[in-house]
Amino acid sequence: MNPKQLDRRDFFQKAGLSLASLSVMNLSLIKNVNAQSKELPLELFFSADDLDKIREKTKLPLFKDYWLAQTSLDHTDDINFLKNDLSYNNHIRHFARARQILEREAFLYIVTKSARHGELAYLAATTLLKYKKWDYHVEDKKYVIGLQRAPEGTIAMSMAYDWCYDLFSDQERKEILKSIGDKGCEACYLSLWGMRHPDKVKGWGYDPEGSYHADVDMSRWPYFFNGINLKAVPFGGLAVGAAALMNTDKRAAKWFEMVLYSYKNFVDNFEADGSYNEGGSYWNYTASHMALVVEMFARKKNMGLFDDANYVGMMEFLLALQMPHSNFPHETVNFGDSGSSFDSGLGFWIARNSRDGLCQYIALNHARGHNNYSLIWYDPTIIPIKPTPKFYFKHFDLDWIITRNGYESRDLVVAMRSGKPSNHEHGDRNSVILKAYDEVLLADYKHPTYNAKDPGWLLRTPVAHNTVLIDGQGHQYHKGEEGTNASKASAKIVRRGDRGKYVFWASDATQAYKIVNPDVKSVTRTVLVFESAPFILVLDKLIKENEPSVLSANWHIENKDNNGSCNVDGNSFVIERPLAEFYAVCGGSQPVTAYSKTLPLPKESGICPFVSVESTVKEKNPFMILAGCPMKKNEQEPIINIVKKDNYYTVDMEKGWKRIKLEIFDNGELPEFDVVEMVL
């Protein structure tokens, strides 16, 4: 008996299955394992000569744990899922899982040539072939458009054809190529065509035959999808599919043209400095598909596209977003729906193409994990270069601003979300996030529901962010009529500076609040951060045209693990987490009081406590001050005093031997300040 056949028999017996039960699948496998292997007929991602280098990289200490985990997975659940539990009209969960299994096992098979991985890759591939459609979005209620699942299926099946070629019969190979073209590439092409010609689209919607339906208005999707991650996914998938079929399908030329047009059009959505308005994890999803375009055009068209975008700047953006803490070691500053870091494969790809040592360092030290691309694209000859403190204070072209004193879990991070609207955003203009001593101390609720009818949608709105309310109302935010698309609310950083021992900035969110309340003349927030204290000062100023209003500010507590709490006492409060605390004193043009509150949500949406600092006195020009110190758990509270003088305020902070004294002048839209004394 062929040793590979014996491996398969043992494998499936352990899974509680028999060779006989697999019928046609095993007949084709047994037939083809004895055929002459034709490794990498397409060489999409690497050549046959690169295989030995990839195999050597699996032995590096860098990948030891990852490779062991991949090669020792128990496949029982995956087999049962593919054979018994999968539904052929469920694309969101079932198609996605089958595709993920296929990508993983196809790569493991080409690297190890283990029949165990080949069997599962074959099962996943033939399962995807049985899907009548590869996506659950349609145009005109009948034409499949590829936004996520069709691009992902195209990539996975192209990999399977390249890496598992010897496992398929001639007829199965023909079916795979036909499916890549008809179910994958054409669907991707149609979605990109719609974004290119939105006025000609006959209406996007969910497939009536699919399992997923939602009450979402898609009439404008072809217009605004031109600038979000769901444009990058189909052009990434189409690039791989076109490369796979370039010698066998006459449609490949039109596909390549569409990819090139779409890619060059899309890179303009990145700021010049590389920052991306959907945040860290969506950057990873987006840029990973952009990388596929660059790779396919370089390998198959001898065309260089890497320099069309500032990929090195993108890595510096991801570095600035890093916010590791005790519960999530790979957290990033989670403005909007984004909150996790990136995969090392993408970082290694940027480092390899740029030969940039900082990019290599970021990928080695701040990625959330490895994937197949990590082994394909890692270049050990690039020497990592550690970032210097000049990267600690970053104001991006997005008008996102972040300061820190390091990149470790214990280090300080203070970030403010100013800037323009964006996809996947929240109602968070001028919201501040604070992390220190292994804990998030001023929180932004991570990745709330996409369902606008779910009570948890409240977590996307201004009341659930660390921002100000005017008479209990936040700035403009939509009600999810079109999904998680952009609002109309904007803010702008209007001043910033670095004075050595402290940094400061101010953001103007007038436009965002004026949409809701036309009587608003000005809304600004100024932040000062003394990193070595650490000490934080937040100055909120509202100016009304005619009617007086009550100004309040919410400060939210990280409580996903039910370990967040607070104590309030008059105009002061303490936010408590297991490893750290935030002690703050508040003041302003009128006396203020801190209240402990909880968002009005059902328990299944989470228990979301916060501190509301409020004045009951209406004013035309209210001014509010928050002065606070992050502290280690059980550290002695600092002494903080805010005193209102005739035409200015004094703020004093003493913490051990450290002392800071400021004078604050409420002279208009932007308060002025003077640091009178600073001992740090």
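A residue is taken as buried when its relative accessible area is under 20%, as exposed when that area is over 50%, and as partly exposed in between. In the predicted model described here, Asp 454 has a relative accessibility of 28% and therefore counts as partly exposed. Asp 454 belongs to the loop that runs between β8 (439-442) and β9 (468-470). When residues up to four places away in sequence are set aside, Asp 454 is in contact with Thr 449 and Ser 605. From Asp 454 to Tyr 136 the separation is 318 residues in sequence, while the distance in space between their C-alpha atoms is 22 Å.

Leu 40, in the loop between α2 (24-33) and α3 (51-57), is not a glycine and yet has a positive phi of about 50°. Glu 43, found in the loop between α2 and α3, likewise has a positive phi of about 50° without being a glycine. As for accessibility, Leu 40 has a relative accessible area of 3% and is therefore buried, whereas Glu 43, with a relative accessible area of 29%, is partly exposed. A further backbone feature is the cis peptide bond that joins Ala 533 and Pro 534, for which omega is about -15°; Pro 534 is placed in the loop between β12 (520-530) and β13 (535-544).

Two open sheets can be described in terms of strand order and pairing. One of them is formed by 3 strands in the order β2-β1-β3, with antiparallel pairing. The antiparallel pairing between β1, which comprises residues 137-139, and β3 extends over 3 bridges, and Glu 139 stands opposite Trp 204 in β3. Helix α9 (residues 170-196) packs on this sheet and touches β1, β2 and β3, with a direction that makes about 80° with that of β2.

The other open sheet has 5 strands in the order β4-β5-β6-β7-β8, and here too the pairing is antiparallel. The edge positions are held by β4 (394-395) and β8, and since each has a single partner strand, one side of each is left without a neighbour in the sheet. Between β4 and β5 (residues 400-404) the antiparallel pairing extends over 2 bridges, with Lys 394 standing opposite Ile 402 in β5. Helix α14 packs on this sheet through contacts with β4 and β5, and its direction makes about 60° with that of β5.

Helix α14, which spans residues 311-321, is also among the elements against which the buried residues of α15 pack, the others being α13 (280-300), α16 (357-366) and α17 (372-377). Helix α15 (residues 344-354) is itself mostly covered, with 8 of its 11 residues buried. The buried residues are Ser 344, Gly 345, Leu 346, Gly 347, Phe 348, Trp 349, Ile 350 and Ala 351. Arg 355 follows α15 and has a positive phi, near 55°.

Across the whole structure, 7 cavities of 30 Å³ or more are found, and the largest cavity holds about 50 Å³ of space. Its lining consists of His 325, Phe 328, Glu 331, Asp 444, Lys 446, Glu 558 and Lys 560; grouped by class, this lining has 1 nonpolar, 1 polar and 5 charged residues. The lining of the second largest pocket is made up of 7 nonpolar, 8 polar and 8 charged residues.

Technical notes. Residues are numbered from 1 along each chain as its sequence is written. This is a predicted model: local features need pLDDT of at least 70, side-chain atom pairs count only at pLDDT 80 or more; totals for chains, interfaces and linings use all residues. Side-chain values use heavy atoms; hydrogens and water are left out. Helices (H or I, at least four residues) and strands (E, at least two) are DSSP runs, numbered from the N terminus. Buried means under 20% relative accessible area, exposed over 50%, partly exposed in between (1.4 Å probe, protein chains only). On a 1 Å grid over the protein atoms alone, a cavity is a set of points where a 1.4 Å probe fits but cannot get out, and a pocket is an open set with protein on both sides within 12 Å along at least five of seven lines; lining residues have an atom within 4 Å of a point. Grid points are joined across faces, edges and corners, and a volume is the space filled by probe spheres set on the points. Ala, Val, Leu, Ile, Met, Phe, Trp, Tyr, Cys and Pro count as nonpolar, Asp, Glu, Lys and Arg as charged, and the others, Gly among them, as polar. Two strands pair if DSSP finds at least two bridges between them. Contact means heavy atoms within 4.5 Å. Axes are lines fitted to C-alpha atoms, for helices over the stretch in contact, and angles run from 0 to 180 degrees between N-to-C directions.
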